[in-house]
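Here are my notes on the model, point by point. Please read them with the coordinates open.

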Amino acid sequence: MPGRGPYAMLATVIWPDGAGGNGTTGEGCDPELSALRARIDLTGLPPLTRAVTERVIASTAEVCYANDLICSEPWLDAAVGALAAGAPVVADGPVVTAGIASEITICKSGESLTERLSRSAGITRAAAAVRLAFGAVGPGAIWVVGEEPAAIFEIIARSVQPTLVIGMPAGFVAAVEAKRTLSESGLPMMTAAGERGGPVAAAAACRVLIAASRPAGQPAGDAAVTGRIRTS
């Protein structure tokens, strides 16, 4: 597939005429993935890249993500290792937090301190949430941005030393610029070219990495069971 500058794909996607691949991502019984694989064959992708791509497509019903997702297998693998070692996940907003549905997720956007910092420092609420979250978790976190493009700019400006940034807000102007800036930042990241994105896609990608970091049979998101989503 032809490159697109910073938005060049890292692997070739095969579009089949008939049934798709039946690869091994551990989710072969999922009817959404079965239907997806009947339309598109992603078996040429590295395993984590394939799993993330399939899950994002299945969660959004947007097959275009097969061409638009930008990620690196070594970066995804490093994120899985960090999660297995106890690294936290920082979400930029409540919808992403709910979508990840894991007790390891931290979100500062709804806190009163975030609002106060935003007003006193003259910054956006998303930027204030990033500053407070970084103060709480330090380097090495997985940052997931699916709602607020401003969070991406603050992550870059703050030098948060992330293990991975999943930067996938949707929009025509600010989101496109934020994702382009992220792709050119040198940070380990995953994003989507163009306008597509949003909390569903961002959370879906993160859930794949959490699931890969845990023993077989343990769910990626257990907040629904434990009722514990960390906000501080």
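**Notes on the strands, a helix and the confidence**

1. Strand β4 (residues 142–145) is covered on both faces. Ile142 and Val144 are buried on one side, and Trp143 and Val145 are buried on the other. Keep in mind throughout that this is a predicted model.

2. Which strands pair with β4? Strand β2 (residues 89–91) runs parallel to β4, joined by three bridges. Strand β5 (residues 164–167) also pairs with β4 in the parallel sense, over four bridges.

3. Next, the pairing of β5 with β6 (189–192). These two strands run parallel and are joined by three bridges. Ile166 has Met190 of β6 as its bridge partner. The chain gets from β5 to β6 by way of helix α9 (residues 174–183), and this β-α-β crossover is right-handed.

4. Strand β6 is covered on both faces. Met189 and Thr191 are buried on one side; Met190 and Ala192 are buried on the other. Strand β1 (residues 69–70) pairs with β6 in the antiparallel sense, over two bridges. In that pairing, Ile70 stands opposite Thr191.

5. Helix α4 (residues 73–84) passes a simple length check. Its twelve residues, at 1.5 Å a residue, should span 16 Å. The C-alpha atoms at its ends are 16 Å apart, so expectation and model agree. Just after α4, Gly86 has a positive phi of about 105°.

6. What does α4 pack against? Its buried residues are Glu73, Leu76, Ala79, Val80, Ala82 and Leu83. They pack against two helices, α2 (47–60) and α10 (199–212). They also pack against strands β2, β4, β5 and β6. Note that Glu73 is on the buried list.

7. Finally, confidence. The chain averages a pLDDT of 85, and 81% of the residues score at least 70. Residues 1–28 have a pLDDT below 50; this stretch has 69 contacts in the model beyond near neighbours in sequence. Residues 222–232 are also below 50, with 25 such contacts. Where pLDDT is low, the predicted coordinates should not be read in detail.

Conventions. Residues numbered from 1 in each chain as written. Predicted model: local features only at pLDDT ≥ 70, side-chain atom pairs only at ≥ 80, totals over all residues. Heavy atoms only, no water. Buried < 20%, exposed > 50% of the residue type's maximum accessible area, 1.4 Å probe, protein only. Pairing = 2+ DSSP bridges. Expected span 1.5 Å × (residues − 1). Contact = heavy atoms within 4.5 Å. pLDDT = per-residue confidence, 0-100. Right-handed = clockwise from strand over helix to strand, strands pointing away.
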